[in-house]
Amino acid sequence: CSLSESVFPDPEPDRVDRDWAGRESRLSDIRLVGRATVPLGPDLFEARLYTHELKGSRRCGAILLPPSAGPESLIGLVDIGDIAWDYRDRDLTNGPYVARILGDRAREFAVIVPCARGMGLRVGDLRVSADGDRRDAWEGVAQDAIAFLTVALLQAPRIDRERLAAYGYSRGGGVALIVGQRDPRIKAVLAFAPPTDWFSAMGRPGQTWPERLEVASRDSALAPDTREYQFLDWFVRDREALPLADVRRRLVGGSPLYFTEKLPAVQIHHGENDGPVPVRNAIAVRERLPANDENRRVFIYPGAGHRLDETAALATARAFLVRHLAPSN
């Protein structure tokens, strides 16, 4: 077989399922690094930065908590970050983007911000960083997000364990979909401009991602710390020894399209003219979702690009989270 061939009826999706069923998330050595304040909506939230060990490797994250919340009164929203070509720290000093979505409902939420493996997170002068291979930016980051959600539930009893959601933008949106598929605690997933299929939906015009990978696999001089390296190298890492079936397994594992049946309530928002993540990623998911299911929908915005600041998108997303997670529900 080749990278460019259709996934099905090949065995990779079943292999991904088996791998996730066998994953362990042994947490230990949870430490509070420091506290700061972060603007979120009309309030200042308390930001608590933590490190912890995941199977002996350091991981980290932040929990953003509103003032004056009682036990189990808050919706837990796992906010998974995008990725920059130069792997810069995620900076929460001025608040997360999701504040635009939460608006005046922000104080009903605890925002749970996991570090991506191999990367850092900062609030003002406070910084934490995670061990691990930063190129493992899909399933690896999903595992880290699931682990830090467990940390947040242990450390912040104000979060209601029955009202948890995952959110992300771009790379974060794709990982949020994977988290929703793999963690039964997640009741809703909100994804903006997510990559969903590394076989046919990603890639430049006229060239699919597998075609790019096959070129990359023959390029021994693929330069580090560039966009090409960031998105290509994880899939073809150890390219001389890695069997083709393992490359395909990595592609499938990072493609939430092939596991849509595992999604809880979900909304995807995507710009029609998105360049970095073509809109066909959203269209492919829409074609796999049940028709007329109000709890699992894809919204496409004519003329919009990768950044979705449209009032309609933000309001629709906020209503989705409230409808599925507010106490009255």
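1. In which strand is Asp29 found? Asp29 belongs to strand 1, which spans residues 27-40. Helices (H or I, at least four residues) and strands (E, at least two) are DSSP runs, numbered from the N terminus. The phi of Asp29 is near 55 degrees, a positive value in a residue other than glycine. Asp29 is partly exposed, at a relative accessible area of 36%; buried stands for under 20% relative accessible area, exposed for over 50%, and partly exposed for what is in between (1.4 Å probe, protein chains only).

2. On the basis of the note: this is a predicted model, in which local features need pLDDT of at least 70 and side-chain atom pairs count only at pLDDT 80 or more, while totals for chains, interfaces and linings use all residues. Residues are numbered from 1 along each chain as its sequence is written, and side-chain values use heavy atoms, with hydrogens and water left out.

3. Asn292, which is not a glycine, has a phi of about 60 degrees. Asn292 sits in the loop between helix 8 (280-288) and strand 12 (296-301). Asn292 is exposed, with a relative accessible area of 77%. As background, most residues other than glycine have a negative phi, and most peptide bonds are trans.

4. Overall composition. The protein chain contains nine helices and twelve strands. Of its 329 residues, 57% count as buried. Contact means heavy atoms within 4.5 Å. Among contacts in the protein chain between residues at least 6 apart in sequence, those joining residues at least 24 apart make up 72%.

5. Aromatic pairs. Rings of Phe, Tyr and Trp (its six-membered ring) pair if their centres lie within 6.5 Å; planes under 30 degrees apart count as stacked, over 60 as edge-to-face and the rest as tilted. By this rule the count is five aromatic pairs. One of them is the edge-to-face pair of Tyr167 and Phe192, at 6.2 Å centre to centre and with 70 degrees between the planes. Because Tyr167 lies in strand 9 (residues 159-169) and Phe192 in strand 10 (residues 188-192), this pair ties together parts that are 25 residues apart in sequence. Both Tyr167 and Phe192 are buried.

6. A further edge-to-face pair is formed by Phe199 and Tyr258, whose ring centres are 6.1 Å apart and whose planes are at 85 degrees. The pair links distant parts of the chain, 59 residues apart: Phe199 in the loop between strand 10 and helix 5 (209-216), and Tyr258 in the loop between helix 7 (244-253) and strand 11 (265-271). Phe199 is buried at a relative accessible area of 7%, and Tyr258 is buried at 9%.

7. Cluster and charges over rings. Tyr97, Tyr167, Tyr169 and Phe192 form one aromatic cluster. A charge sits over a ring if NZ of Lys or CZ of Arg is within 6 Å of the ring centre and within 35 degrees of the ring normal. Arg307 lies over the face of Tyr169, at 4.5 Å from the ring centre. Arg23 lies over the face of Trp20, at 4.1 Å from the ring centre.

8. Which residues of helix 1 and helix 7 meet? Glu12, Pro13, Arg15, Val16 and Asp19 in helix 1 meet Ala245, Asp246, Arg248, Arg249, Val252 and Gly253 in helix 7. The residues of this contact divide into four nonpolar, one polar and six charged. Here Ala, Val, Leu, Ile, Met, Phe, Trp, Tyr, Cys and Pro count as nonpolar, Asp, Glu, Lys and Arg as charged, and the others, Gly among them, as polar.

9. Helix 1 (residues 12-21) packs against helix 7 at an angle of about 70 degrees, with the axes 9 Å apart. Axes are lines fitted to C-alpha atoms, for helices over the stretch in contact, and angles run from 0 to 180 degrees between N-to-C directions. Helix 1 and helix 7 are therefore roughly perpendicular to each other, a term that covers 65 to 115 degrees.

10. Helix 7 is mostly covered, as seven of its ten residues are buried; among them are Arg248, Arg249 and Arg250. Val252 and Phe199 are 53 residues apart in sequence and 8.0 Å apart in space, C-alpha to C-alpha.

11. Asp197 is found in the loop between strand 10 and helix 5 and counts as buried at 1% relative accessibility. Not counting residues up to four places away in sequence, Asp197 touches Met202, Ser255, Leu257, Tyr258 and Asn281. The C-alpha atoms of Asp197 and Pro256 are separated by 6.8 Å, although these residues are 59 apart along the chain.

How values were computed:
Angles under 35 degrees count as roughly parallel, over 145 as roughly antiparallel, 65 to 115 as roughly perpendicular and the rest as oblique.
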